[in-house]
Amino acid sequence: MTETATARRSRITPEREAELYAAVLDLLREVGYDALTMDAVAARTRSSKATLYRQWGGKAELVAKAMRHNKPGVDIGSVDTGSLRGDLHALVMSTDDCAMEQNNALMRGLAMAVHGNPDLLKAFRELIIEPEMLEIRRVVQRAVDRGEVRPDNPAVDYVVHMFVGAFVARGMIENQPPTQSFLRSYLDAVVLPALGVSTSL
């Protein structure tokens with residue numbers, strides 16, 4: 001086996017990977033997506049550009065994976081409290097207000113960049129949007145299977161849209177980041193009633 005082949009198959013440690021992702025997010029906060037370069041990431045993390053490209057392919061995939069890594073370590077589909085209201089509230093409580101504000105600020109900045117960067121849009125859809133949509137659908141499907149939600153309820157197809165709407169509208173209308181309290185109230189006032197689920201304790 002050649003030295004090159006060995007290098008291509010080598011993998012960085014989870015600790016090193018987390019360090020790289022943290023540096024990428026720091027750079028995103030400092031300069032934004034468009035001004036972020038692989039040279040800057042390499043310098044900040046004392047890595048070679050060859051290593052970065054070998055592991056992640058390019059900036060879009062690196063940023064999307066950094067964002068994915070930064071999300072709370074909870075498997076949405078595995079959350080099962082026995083009720084849809086309990087499941088959705090548990091998901092909201094999995095991220096504290098400080099982390100939620102930081103994540104929301106990053107996502108706002110990247111939302112603008114996505115429109116002009118097809119590679120970033122593709123990476124986000126594959127690594128963040130589609131996996132989370134599938135997991136939330138699993139949570140809702142369990143509620144359907146339990147008889148909590150009617151399978152023909154048209155709101156079933158728009159649960160993800162309602163979630164995204166909450167995050168976007170909070171900033172645009174009230175100029176405030178989403179919080180656990182706001183999202184719990186939003187779930188009880190908007191999402192659950194649309195699904196025909198009682199919000200009484």
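Guide: Asp96 sits in the loop between α6 (84-93) and α7 (97-116), where helices are DSSP runs of H or I with at least four residues, numbered from the N terminus. This is a predicted model, in which local features need pLDDT of at least 70, side-chain atom pairs count only at pLDDT 80 or more, and totals for chains, interfaces and linings use all residues. Residues are numbered from 1 along each chain as its sequence is written, and side-chain values use heavy atoms, leaving out hydrogens and water.

Visitor: Why is Asp96 called partly exposed?

Guide: Its relative accessibility is 44%. Buried means under 20% relative accessible area and exposed over 50%, with partly exposed in between (1.4 Å probe, protein chains only). Asp96 therefore counts as partly exposed.

Visitor: What does the side chain of Asp96 reach?

Guide: The backbone nitrogen of Cys98, at 3.1 Å.

Visitor: What makes α6 mostly covered?

Guide: Seven of its ten residues are buried, among them Leu84, Asp87 and Leu91. The buried residues of α6 pack against α7, α8, α9 and α10 (180-194), contact meaning heavy atoms within 4.5 Å.

Visitor: Which residues make the contact between α8 and α9?

Guide: Helix α8 (residues 118-146) and helix α9 (residues 159-174) pack at an angle of about 115 degrees, with axes 10 Å apart. Met133, Ile136 and Val140 of α8 meet Val159, Val160 and Phe163 of α9.

Key
Axes fitted to C-alpha atoms, helices over the stretch in contact; angles between N-to-C directions. Helix = DSSP H or I, 4+ residues; strand = E, 2+ residues; numbered from the N terminus. Polar contact = N/O pair within 3.5 Å; in protein donor to acceptor, adjacent residues only side chain to side chain.
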